[in-house]
Amino acid sequence: MENLVQQLEQYKNEIAAYEANTAAAVEAYRIKYLGTKGIVKAVMGEMKNVPNDQKKSFGLLLNEFRQIAEAKYETLKAALTGNQTEPAETFDSTLPGDVYPLGSRHPISIVRKNIIDIFHRLGFAVAEGPEIEDDWHNFGAMNLPADHPARDMQDTFYINKNPDWLLRTHTSSVQARVMEKQKPPIRVICPGRVYRNETISARAHCFFHQVEGLCIDDNVSFADLKQTLYFFVQEMFGKTVKIRFRPSYFPFTEPSAEMDISCLICGGDGCNVCKHTGWVEILGSGMVHPRVLENFGIDSNKYTGFAFGMGMERICQLKYRVNDLRLYSQNDVRFLKQFTSAR
Ligand code: PHE
């Protein structure tokens with residue numbers, strides 16, 4: 001029996017020194033001491049060899065040993081899950097809260113808002129429409145019949161499920177929807193995202209943002225178009241900026257013109273941005289083609305109108321000197337945070 005007592009002491013020392021940092025080591029402990037073929041079971045089995053008069057005191061010893069072995073197992077398990085060492089969670093309600101960084105408006109949103117504000121002052125309302133359009137609203141009604149060569153300038157993405165559906169190439173489609181519902185006088189601007197099938201580079205992207213405008217009433221003339229756009233440019237870029245019109249072609253306007261502004265960077269002296277011409281193009285415009293008016297049942301003998309369309313990215317580029325179109329959609333905070341102070 002002396003041997004058994006000594007043996008138990010040795011086991012107790014081993015148990016006290018046992019370390020287990022992994023679940024596998026804890027499980028190995030369990031199997032070794034508490035398993036069906038483990039040490040606790042084995043020493044318990046020794047009871048049958050203990051003389052009757054010593055059974056009681058040995059029973060107490062063995063029970064104590066089993067409890068030590070089991071308690072150690074619980075300790076090892078708890079240490080593993082961190083229950084024992086983790087301090088109780090503290091919450092101090094008097095500490096200041098976490099600071100969440102404030103976001104900022106996207107430069108395109110800033111420019112969009114500026115443009116809308118300026119045209120609001122001239123009595124233009126904002127109209128919006130779907131980005132997935134049908135052929136008629138985007139092309140047909142705008143005097144761009146199927147196979148018209150001018151469609152090449154606005155190649156887009158078509159929807160397999162229905163070849164009549166496409167991603168709008170300009171927000172003229174919204175003007176179409178306005179003319180469908182509303183009779184003159186009409187004065188709207190149509191801001192929104194448009195799509196074109198272009199290879200992405202610093203100067204072209206498969207989507208961009210436009211603001212188009214439409215004004216239809218009695219006696220609307222090219223002078224009104226000119227004055228409206230001149231007002232816009234001066235409000236947007238400052239009173240010293242000059243404008244010029246160049247004859248152009250759009251199927252939905254006649255006559256048509258592209259408008260340039262004097263270069264903001266060099267003041268007209270010539271630089272890289274204006275390609276040494278002193279002028280930069282900012283929009284297309286013209287008098288609404290009579291056929292477009294008639295497409296919507298508007299009497300072209302009674303009413304005339306002007307329309308224009310500009311890219312917001314272009315305005316933004318000139319206002320903030322952004323030289324790569326891709327920056328607008330890369331979501332890089334180093335670019336975006338530069339606009340935190342802009343309104
Ligand atoms: N819809 C033309 C474009 O996207 C812009 C434009 C609008 C030109 C209105 C003239 C008049 O290119």
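I took a polar contact to be a pair of N or O atoms within 3.5 Å, where within protein one must be able to donate a hydrogen and the other to accept it. With that cut-off I went through this predicted model, and the entries below follow the order in which I looked things up.

**Serine 57.** I found that the side chain of serine 57 reaches the backbone oxygen of glutamine 54 at 3.2 Å, which is within the 3.5 Å limit. Serine 57 itself sits in helix α4, residues 55–81, and I noted a relative accessible area of 46%, so serine 57 is partly exposed.

**Ligand site.** I counted 14 residues around the ligand, the closest being His170, Ser172, Arg196, Gln210 and Glu212. For three of these I looked up side-chain distances: a ligand oxygen atom lies 2.8 Å from an N or O atom in the side chain of glutamine 210, a ligand oxygen atom lies 2.9 Å from an N or O atom of the arginine 196 side chain, and a nitrogen atom of the ligand lies 3.2 Å from an N or O atom in the side chain of serine 172. The protein covers 93% of the 320 Å² of accessible area that the ligand has on its own. Two or more residues of the shell come from each of β6, β9 (279–288) and β10 (304–311), and β10 gives the most, with 3 residues. By class, I recorded the shell as 4 nonpolar, 8 polar and 2 charged residues.

**Second largest pocket.** I noted a volume of about 210 Å³ for this pocket and a lining of 16 residues, with His106, Ile108, Arg193, His209 and Glu313 nearest its centre. At least two lining residues are supplied by each of α5 (107–120), β5 (186–195), β6 (207–217) and α10 (312–320), and the lining divides into 7 nonpolar, 6 polar and 3 charged residues.

**Backbone.** I kept in mind that most residues other than glycine have a negative phi and that most peptide bonds are trans. The bond from proline 184 to proline 185 is cis, with omega near 5 degrees, and proline 185 lies in the loop between α7 (172–181) and β5. A cis bond also runs from glutamate 254 to proline 255, with omega near -5 degrees, where proline 255 belongs to strand β8, residues 253–262. I then looked up positive phi values: asparagine 219, in the loop between β6 and α8 (222–237), has a phi of about 55 degrees and is exposed at 71% relative accessibility, while lysine 275, in the loop between β8 and β9, has a phi of about 50 degrees and is exposed at 58%.

How values were computed. Residues numbered from 1 in each chain as written. Predicted model: local features only at pLDDT ≥ 70, side-chain atom pairs only at ≥ 80, totals over all residues. Heavy atoms only, no water. 1 Å grid on protein atoms, 1.4 Å probe; cavity = no way out; pocket = protein on both sides within 12 Å on 5 of 7 lines; lining within 4 Å. Points joined across faces, edges and corners; volume = space filled by probe spheres on them. Helix = DSSP H or I, 4+ residues; strand = E, 2+ residues; numbered from the N terminus. Nonpolar A, V, L, I, M, F, W, Y, C, P; charged D, E, K, R; others polar. Near = heavy atom within 4 Å. Areas by Shrake-Rupley, 256 points an atom, 1.4 Å probe, with all protein chains shown as cover. Buried < 20%, exposed > 50% of the residue type's maximum accessible area, 1.4 Å probe, protein only.
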